[in-house]
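Hi everyone, thanks for coming.

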Amino acid sequence: MPPSDELKNSLLNSPNKWVVERIDCIDSTNSELARRFSCSDTVPYLLLWAEEQVSGRGRLQRKWFSCPGMDITASVIFPSPVERSCVHKLVLPAGLALTNILRDTYGLNALVRWPNDVLVGGKKIAGILCSYLAAPDAVICGIGINVNSNSDDLAVDTFTPGTTVFAESGKETSRHRLLGLWLLEFENLWRLAKDENFEILSDKFNSVNFYKGMRVKIFPDAASTRDRGIVEKSGFTGIAGNLNSVGTLIINLDNGALYAVKIDDVIIPI
Ligand code: BT5
């Protein structure tokens, strides 16, 4: 299945030479790129887009669902622009990039829910999954965007309800255009993921930070047990603030202390 000219042409505006590959069906685009490149000497700038993904993955063994031919399930691999220890920070520019595009080009009131979800009207419209290949030194960043499906068609195991660009705008959207716009914006922003620039990225994130000002309950390290239910007593409460200069979400706890959220904590608005 050839990639469209619309997508290829938009990527001509990139400083990097992207190869675009579109396939009918795969288990997971992230898994496929890891299989292909784990033992290579070098990696290209490659965008792999699957029309159907049958074992889409989220974080921590969670699943990603999508409607074949309607949504976007794609992953990019590229030489890592940051140290291995900073790779988790690439999730932030990836989500921020989509949020910017949905707001500026599609007129949707999108926000980023730290660290890796994009929401519209409190419903999840996209998720990001990043991983790092040690040799070669490369990043894989997968994105699932609900585009032209109906939100009712998403078989989401609802922790947060899902929505789609179609449901929010009432219009069918070119997935080729949206994917190209996201990737160009992501490239612009990942340059800020380096330590010396991270504060600029945190500031940009803070302007579209879903949690900011929200009263929340935090369950430390509960993410891996989320599906089995959360022990209510173990949480503590506070008001979510900004990201700090290294990209961590800060909560102003009721006892006056500041708490830096960890990646495996669960945050529930209350
Ligand atoms: C994510 O994980 O949100 C990352 C999703 C990344 C998907 C892309 S698709 C291309 C590439 N290849 C892959 O295999 N993955 C990447 P997490 O924050 O753990 O959220 C997962 C949770 O989101 C699930 O447990 C569901 O509750 C929910 N979910 C699943 N599919 C959804 C959808 N289409 N829309 C909204 N929510 C969904």
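Let's start with the crossing of α3 and α5, which is right-handed; a crossing gets that name if the near helix is turned clockwise from the far one by less than a right angle, and left-handed if anticlockwise. Please keep in mind that this is a predicted model, where local features need pLDDT of at least 70, side-chain atom pairs count only at pLDDT 80 or more, and totals for chains, interfaces and linings use all residues. Residues are numbered from 1 along each chain as its sequence is written, and side-chain values use heavy atoms, leaving out hydrogens and water.

Helix α3 covers residues 91–104 and helix α5 residues 175–190; their axes are 8 Å apart, at an angle of about 130 degrees. That makes α3 oblique to α5 (under 35 degrees is roughly parallel, over 145 roughly antiparallel, 65 to 115 roughly perpendicular, and the rest oblique). Helices here are DSSP runs of H or I with at least four residues, numbered from the N terminus. The axes are lines fitted to C-alpha atoms over the stretch in contact, with angles from 0 to 180 degrees between N-to-C directions.

Which residues meet? On the α3 side they are P93, A94, L96, A97, L98, N100, I101 and L102, and on the α5 side L178, L181, W182, E185, F186, L189 and W190, where contact means heavy atoms within 4.5 Å. By class, this contact has 13 nonpolar, 1 polar and 1 charged residues.

W182 and F186 have ring centres 5.2 Å apart and planes at 20 degrees, so they are stacked. For the rule: rings of Phe, Tyr and Trp (its six-membered ring) pair if their centres lie within 6.5 Å, and planes under 30 degrees apart are stacked, over 60 edge-to-face, and the rest tilted. F186 also pairs with W190, edge-to-face, at 5.1 Å centre to centre and 80 degrees between the planes. Both F186 and W190 are buried, that is, under 20% relative accessible area with a 1.4 Å probe, protein chains only. W182, F186 and W190 belong to one aromatic cluster with W18, Y45 and F78.

Finally, back to α3 and another partner. Helix α6, residues 198–206, packs against α3 at about 40 degrees, with the axes 10 Å apart, and the two are therefore oblique to each other. This time the crossing is left-handed. L92, P93 and L96 in α3 meet F198, L201, K204 and F205 in α6.

Terms used: Ala, Val, Leu, Ile, Met, Phe, Trp, Tyr, Cys and Pro count as nonpolar, Asp, Glu, Lys and Arg as charged, and the others, Gly among them, as polar. Buried means under 20% relative accessible area, exposed over 50%, partly exposed in between (1.4 Å probe, protein chains only).
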